[in-house]
Amino acid sequence: MHEEYSSGRRYREPRHAYRTEYARDRDRIIHARAFRRLEAKTQVFTTRYSDHFRNRLTHTLEVTQIARTVSAALGLNSELAEALALVHDIGHPPFGHAGERKLNELMQAHGGSFDHNLHALRIVEQFEHRYLEFTGLNLTFEVREGIIKHSRDYEPSDSPELAEYLLDLRPPLESQLINWVDEIAYNTADLDDAREAELLDFDLLRSEVPLFEQAYGQVDRAHPGAKEKLKFSEALKDVLNVLASDLIETTALRANQSGVASVEEIRLWPRRIAGMSPQISDQNSRLKHFLAGNLYNNPVITDDRDRSIQCLENLFHLYLGKLDSMPPDHEQLALSVPRHVVVCDYIAGMTDQFLLKQYREHFGSSTAPSAAS
């Protein structure tokens, strides 16, 4: 995607003297308040468990690093890929995907929904206030499009409010890559954090994830006397390299086989071109399945997560039913916008610790009672 062919910004601005349009988008995202708040939002482990593990911001930086490497290897626009990687999780609420599921459940009771990608679009379009001449960050069309389309395709009839984002067309390759590099980043990083937390069944990992077993076996044969921690790290690095290399090679092969030669042809292609080979995609799925069954549902994580999600739910109902329980600007907004929408937006913007602080202030406790108590 060449910036001279960009569909531009919602509000016209003069070009910068020495920064490209996508570099400006990248910088605006980095300076956004919502981006800074990612530092205090859960990836897998809440800060109540430990502050040594990835948070939503460090995960984002790892995604960005891989996105730059993959896009550069493919000859794509690395600045666009970088901006898309930096913004891809900016709409996440507190407590990771569990927080997103709970907010969606609470909104469905009022005929609405919550999706972190759609919320991210509202953040960069409406909620960020840094500039005199417009609301939001005024990002380029391609970055705004990528926020909502990087991980899924839409039926235009199901989302008429998003019609301007060409829902019947595929996004550029830079955008298509983001969901894949996101998976590579969190699959490998979550394994690393699980080992650090001593929640990883190493023998089970080797038996259930052939991709890791192959990498570890090679490292072990080459360095039999090395520390296990270092052999694990070396094997994990090799796993990441296999996944990223396959993504590069398979995407390049598909692009060449399809004969596409422009962004317009990428958009019109009936399927997404970016992706992994069937063999490596299967290996990646096995790794995801292992993490789902042996880390994400571990009681050490779920007990803490469930108490946090209960705090979120209790606060939602409190704000919904009690006038003047939110800050004045939110209460004022709730006079013209449905209150459940304002409540959802307010909670989605919170960091983990701020939400727990609000819970303590309203309920006089740092944690909600467990479901069993």
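This is a predicted model: local features need pLDDT of at least 70, side-chain atom pairs count only at pLDDT 80 or more; totals for chains, interfaces and linings use all residues.
I found 24 residues lining the largest pocket, and Arg-33, Arg-37, Phe-127, Asp-329 and His-330 lie nearest its centre. For the term: on a 1 Å grid over the protein atoms alone, a pocket is an open set of points where a 1.4 Å probe fits, with protein on both sides within 12 Å along at least five of seven lines, and lining residues have an atom within 4 Å of a point. The elements giving two or more residues to this lining are α2 (33–37), α6 (116–127), α15 (328–333) and α16 (339–348). Helices here are DSSP runs of H or I with at least four residues, numbered from the N terminus.

I noted a volume of about 710 Å³ for the largest pocket. Volume is the space filled by probe spheres set on the grid points, which are joined across faces, edges and corners. I then sorted the lining of the largest pocket by class: 11 nonpolar, 6 polar and 7 charged residues. Nonpolar covers Ala, Val, Leu, Ile, Met, Phe, Trp, Tyr, Cys and Pro; charged covers Asp, Glu, Lys and Arg; the others, Gly among them, are polar.

Ground rules: residues are numbered from 1 along each chain as its sequence is written. Local features need pLDDT of at least 70 and side-chain atom pairs pLDDT 80 or more, while totals for chains, interfaces and linings use all residues; side-chain values use heavy atoms, with hydrogens and water left out.

Next, the second largest pocket. I read about 570 Å³ of space there. Of its 32 lining residues, Gln-43, Val-44, Arg-56, His-97 and Tyr-296 are the closest to its centre. Elements giving two or more residues to this lining include α3 (56–73), α5 (96–108) and α13 (278–296). Helix α8 gives the largest share, 5 residues. By class, I got 10 nonpolar, 14 polar and 8 charged residues for the second largest pocket.

That sent me to α8, residues 173–196. Its 24 residues should span 34 Å at 1.5 Å a residue, and the end C-alpha atoms are 35 Å apart, which agrees. The expected span is 1.5 Å times one less than the number of residues. I found a kink of about 25 degrees centred on Asn-179. The bend is the angle between axes fitted to the seven residues ending at a residue and the seven starting there. In α8, 19 of the 24 residues are buried. Buried means under 20% relative accessible area, exposed over 50%, partly exposed in between (1.4 Å probe, protein chains only). Just after α8, Glu-198 takes a positive phi of about 60 degrees.

Buried residues of α6 include His-116, Leu-121 and Glu-125. Their cover includes α2, α4 (78–87), α5, α7 (141–149) and α16. Thr-135 sits in the loop between α6 and α7. Thr-135 counts as partly exposed because its relative accessibility is 36%. Beyond four places in sequence, Thr-135 touches Tyr-11, Glu-125, Gln-126, Glu-128 and His-129. Contact means heavy atoms within 4.5 Å.

Last, helix α1. Asp-25 lies in α1, residues 21–30. Asp-25 counts as buried because its relative accessibility is 0%. Arg-24 also lies in α1. Arg-24 and Leu-80 are 56 residues apart in sequence and 10.0 Å apart in space, C-alpha to C-alpha.
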